[in-house]
Amino acid sequence: MDNFDLLADFDLLGEKYNELCVLNDEIMNLMLLETETNTADFDAETFAADEYNKKFKRINIIFKSKSNNREESDDSSSVQSISKRKCKLPLLELKKFGGEIKDWLPFWGQFSKIDSDPNIDEADKLQYLVQATLPSTRARELVESFPPSKENYHKAVDSLKSRFGQDDLLVEFYVRELLKLTISMNSSRK
């Protein structure tokens, strides 16, 4: 069995473990809702679930300790992070930024994960940045004003931050929004 087969088997084991955790949560919730469930049954189910958790964690530790090179270690840590989840999450769609100050924080909060990922090439990051801006907007025009190369990615990000992500502008905008909200609430009370 080669390393790829081992990684694939461990990944499959992680998926099955996640499914088991989801099903166990459903069983526990049903037991809580059931009026005839006694404490002994609930404790027995909890004990059985804990035993499976221990077995998976033991296998996880053995797998991690048997990894020989850094690449296998990186792959197993990504598998381990997946196996810690109790459910499969849907893929996130990037928020589109059009240049409105109010949309900067939600946009940058999501895009900063791409920005800080060392495994993504800067040229690809620039393409993601273009895709994450709305067509025919100030933000898209600003990003597209830089030729598509990895050297220009940081220049494009810095330009976006200096134009839309200035702290003083953001504070001023949100203070105005709060003032509008308090004024509208006061006028509605009267």
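Reader: Which residues touch the most other members in the largest nonpolar core?

Author: A nonpolar core is a set of buried nonpolar residues joined through their side chains. This model is predicted. Its largest nonpolar core has 20 residues. Phe-97, Trp-104, Phe-107, Phe-111, Leu-129, Leu-160 and Phe-164 touch the most other members.

Reader: Which helices each supply at least two residues of this core?

Author: Helix H4 (104–115), helix H5 (122–131), helix H6 (138–144) and helix H7 (150–164) do.

Reader: How many of the residues count as buried?

Author: Buried means under 20% relative accessible area. Of the 190 residues in the chain, 26% count as buried. The chain exposes about 13,700 Å². Carbon and sulfur atoms supply 56% of that area.

Reader: What does Phe-164 touch?

Author: Leave out residues up to four places away in sequence. Phe-164 then touches Phe-97, Gly-99, Ile-101, Trp-104, Arg-138, Ala-139, Leu-142 and Leu-170.

Reader: Is Leu-170 buried or exposed?

Author: Leu-170 is buried, because its relative accessible area is 7%. Leu-170 is found in helix H8. Again leave out residues up to four places away. Leu-170 touches Ile-101, Trp-104, Leu-105, Phe-164 and Gly-165. Look at Ile-101 in that list. Leu-170 and Ile-101 are 69 residues apart along the chain. Their C-alpha atoms are separated by 6.8 Å.

Reader: What share of the contacts in the chain joins residues 24 or more positions apart?

Author: Take the contacts with a separation of 6 or more. Residues 24 or more positions apart account for 57% of them.

Reader: Which residues of H5 are buried?

Author: The buried residues of H5 are Lys-125, Leu-126, Leu-129 and Val-130. They lie on the same side of H5, because they cover an arc of only 145° around the axis. Their cover includes H4, H6 and H7.

Reader: What lies in the loop between H5 and H6?

Author: Ser-136 is one of the residues to look at there. Its phi is near 60°, a positive value in a residue other than glycine. Ser-136 is exposed, because its relative accessible area is 71%.

Reader: How many salt bridges does a search of the whole structure find?

Author: A salt bridge pairs a side-chain nitrogen of Lys or Arg with a carboxyl oxygen of Asp or Glu, within 4 Å. The search finds five salt bridges. One of them joins Arg-140 and Glu-144, with the closest N and O atoms 3.8 Å apart. Both residues lie in helix H6, four residues apart, about one turn of the helix. Arg-140 counts as buried, because its relative accessibility is 14%.

Reader: Which residues make the nonpolar surface patch?

Author: Val-171, Val-175, Leu-179 and Ile-183 make a patch of about 370 Å². Ile-183 is found in helix H8, residues 167–189. Ile-183 is exposed, because its relative accessible area is 57%.

Key. Residues numbered from 1 in each chain as written. Predicted model: local features only at pLDDT ≥ 70, side-chain atom pairs only at ≥ 80, totals over all residues. Heavy atoms only, no water. Patch = residues over 30% accessible without salt bridge, like charges linked within 9 Å, V, L, I, M, F, W, Y side chains within 5 Å. Areas by Shrake-Rupley, 256 points an atom, 1.4 Å probe, with all protein chains shown as cover. Buried < 20%, exposed > 50% of the residue type's maximum accessible area, 1.4 Å probe, protein only. Contact = heavy atoms within 4.5 Å. Core = buried A, V, L, I, M, F, W, Y, C linked by side-chain atoms within 4.5 Å. Arc of directions from axis to C-beta.
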